[in-house]
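Please examine the sequence and the structure shown below. A short briefing on the fold follows.

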Amino acid sequence: MDDRGRSLDVFLQVNSSGEPQKHGLPPDEVEPFAIALKAFGTLRVRGLMTLAVLSDDQREIRACFERMRDLQRRLRASEAVAGSYDELSMGMSGDLELAIEYGATTVRVGQAIFGPRPLPDTYWRPT
């Protein structure tokens, strides 16, 4: 990208729930990673993204979103990190109101529009 004079807008994925099946950086590793990203000028960090815990317990979901909001605030205040952190992508069809309450600028609402999707195991073990 550098050779072509191009850059790429990116989000840093954070595992805000700590669930082992989810990807992303643990929250305490995001700031050191964001500092190291300064060496990669073609990547323009625009914000953070996460998937909250899949739960009916609003307290657990809120904890994920609060963790992200706090992390975003810390990164915005730091001059040592690469990026602007203006964007916060979190929330899906089932928890979008909470996500917006905690500052989400982007939510994913596929199931609200297209209906439930089959689970991966559905292909191998039909119900």
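How many helices and how many strands does the chain have? The chain has 4 helices and 3 strands, where helices (H or I, at least four residues) and strands (E, at least two) are DSSP runs numbered from the N terminus. This is a predicted model, in which local features need pLDDT of at least 70, side-chain atom pairs count only at pLDDT 80 or more, and totals for chains, interfaces and linings use all residues. Residues are numbered from 1 along each chain as its sequence is written, and side-chain values use heavy atoms, with hydrogens and water left out.

**Overall chain**
- The order of elements along the sequence is β-α-β-α-β-α-α.
- Buried residues (under 20% relative accessible area, 1.4 Å probe, protein chains only) make up 31% of the 127 residues of the chain.
- Among contacts (heavy atoms within 4.5 Å) with a separation of 6 or more, 58% join residues 24 or more positions apart.

**The sheet**
- The 3 strands form an open sheet in the order E1-E2-E3, with parallel pairing; two strands pair if DSSP finds at least two bridges between them.
- Strand E1 (8–13) and strand E3 (87–89) each have a single partner strand and stand at the edges, so one side of each lacks a neighbour in the sheet.
- Strand E2 (residues 43–49) pairs with E3 in the parallel sense over 3 bridges.
- Met 49 stands opposite Ser 89 in E3.

**Helix on the sheet**
- Helix H2 (residues 58–77) packs on the sheet and touches E2 and E3.
- The direction of H2 makes about 150° with that of E2, with axes fitted to C-alpha atoms, for helices over the stretch in contact, and angles running from 0 to 180 degrees between N-to-C directions.

Conventions. Buried < 20%, exposed > 50% of the residue type's maximum accessible area, 1.4 Å probe, protein only.
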